[in-house]
Amino acid sequence: MQRKDFPSSPLGLHRVIKPAGALPQAAWQLDPSPGLWPDEVRVRVDRLNLDAASFRQLTEAANGTAEGRAGDPGHATAMRAAVLGIVAERGKMQNPVTGSGGMLTGVVAEVGPDSPLGLAPGDRIATLVSLSLTPLVITDGLARWDGRSEQVPCDGHAILFGRSIAAVLPGDLPVPLSLAVLSAAAAREAGARSVIGLVPTRAEADLLTASGLADQVVIADARDPAAVAEAVQAAGGPAQVTVVCVDVPGCEGGAVLATADGGTVIFFSMATSFSAAALGAEGVGADITMLIGNGYVPGHAALALDLVRAEPGARQILESRMAEG
């Protein structure tokens, strides 16, 4: 079904309902109707992957723990209602509290004749753009989701714009694993001499230690700056490069204090307050570079998936996470 009501924009501006003129990510509401403009792609969605900060907020708002409450149908009902309400109201999955979304997997259903994405009907893909800017409709009421995992099985459709990005998923890796690893990084592959992993619990420390991905594993609350700095220092720090991928706010100070002068902090979390990071670093006289990860660099999906194939520890820890969900 092709639409030519008015010209489309490769940025998706033609799908913005309000406020007029906003980019899709900043917009409050999008038009998720299935008819395509010539440069668009419609995807039959089978799974959403909510970003960690959004999932934690939704879970806690549903009166559960951050991990969800096993066997509690009331919790699952509340989680489904929250996500369905957001998507129905906004035409996309963008948590109004965190401002973040996630990503999705599905099968290409229809490709507009002018689409530049190189996709074909039948391709199984993962989107590499946020759900916070992707027009989305859910049609199954999320009946198969128990509310305990960021990965949400569902039926529905999504729309990709001319400048959206997506990766065709490989046949040799399970879809949940492929979806989880598309945002992973490999410090050792990049030449790190020593990798320190900081986690909040003994269970996570044991899992990371068993994977062999870190040379040192320390336990600390990432929201406690002094404790983080002390733990990293005891493990051989401060770090030259610190990657922040937490799902709770308030972790900026610890990342700053754990990083050596002249070093770099990469904030790759939607829970980050960038004003707190900048002003906090200034307040303690930290001479560091702070970078914001935007989730995209050409070739990053293929690189991440190849790392999982080549690194047994990465696959082990990700498969363990998938089994928990």
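Student: Which residue just after helix 5 takes a positive phi?

Tutor: This is a predicted model. Helix 5 spans residues 225–234. Just after helix 5 comes a residue with a phi of about 110°, and that residue is Gly236.

Student: What covers the buried residues of helix 5?

Tutor: The cover includes both strands and a helix. Among the elements are strand 9 (196–199), strand 10 (216–219), strand 11 and helix 6 (252–257).

Student: What is the strand order of the open sheet with parallel pairing?

Tutor: This sheet has three strands. Strand 11 (239–244) and strand 13 (289–292) each have a single partner strand, so they stand at the edges. Neighbouring strands are turned by 15° against each other on average, direction ignored. The order is 11-12-13.

Student: Which residue of strand 13 stands opposite Val265?

Tutor: Strand 12 (residues 259–267) runs parallel to strand 13, and four bridges join the two. Helix 7 (residues 274–283) lies across both strands, running at about 175° to strand 13. Opposite Val265 stands Met290.

Student: What is the order of the six strands in the open sheet with antiparallel pairing?

Tutor: Strand 6 (136–138) and strand 8 (166–168) each have a single partner strand, so one side of each is left without a neighbour in the sheet. The twist averages 35° from one strand to the next. With strands 6 and 8 at the edges, the order reads 6-7-3-4-5-8.

Student: Which residue in strand 7 is the bridge partner of Ile138?

Tutor: Strand 6 and strand 7 (residues 151–160) run antiparallel and are joined by three bridges. The bridge partner of Ile138 is Gly156.

Student: At about what angle to strand 6 does helix 2 run?

Tutor: Helix 2 covers residues 73–90. This helix lies across strand 3 (41–50) and strand 6. Its angle to strand 6 is about 135°.

Student: Which element supplies the largest share of the largest nonpolar core?

Tutor: The largest nonpolar core has 26 residues, and among those with the most contacts inside it are Leu48, Leu50 and Val83. At least two residues each come from strand 3, helix 1 (52–61), helix 2, strand 4 (102–111), strand 6 and strand 7. The largest share is five residues, and its source is strand 3.

Student: Which residues does Met93 contact, leaving aside its neighbours within four places in sequence?

Tutor: Met93 is one of the residues with the most contacts inside the largest nonpolar core. The residues in contact with Met93 are Leu50, Ser54, Leu58, Val83, Ile86, Val87, Ser100, Gly101, Leu131, Ser132 and Leu136.

Student: Which residues of helix 8 are buried, and why do they line one face?

Tutor: Seen down the axis of helix 8, the buried residues fall within an arc of 155°, so they line one face of the helix. The face turned away carries the exposed residues Leu303 and Ala310. In helix 8 (residues 300–310), the buried residues are His300, Ala301, Ala304, Leu305, Leu307 and Val308.

How values were computed
Residues are numbered from 1 along each chain as its sequence is written. This is a predicted model: local features need pLDDT of at least 70, side-chain atom pairs count only at pLDDT 80 or more; totals for chains, interfaces and linings use all residues. Side-chain values use heavy atoms; hydrogens and water are left out. Buried means under 20% relative accessible area, exposed over 50%, partly exposed in between (1.4 Å probe, protein chains only). The arc is that of the directions from the helix axis to the C-beta atoms. Two strands pair if DSSP finds at least two bridges between them. Axes are lines fitted to C-alpha atoms, for helices over the stretch in contact, and angles run from 0 to 180 degrees between N-to-C directions. Contact means heavy atoms within 4.5 Å. A nonpolar core is a set of buried Ala, Val, Leu, Ile, Met, Phe, Trp, Tyr and Cys residues joined through side-chain atoms within 4.5 Å.
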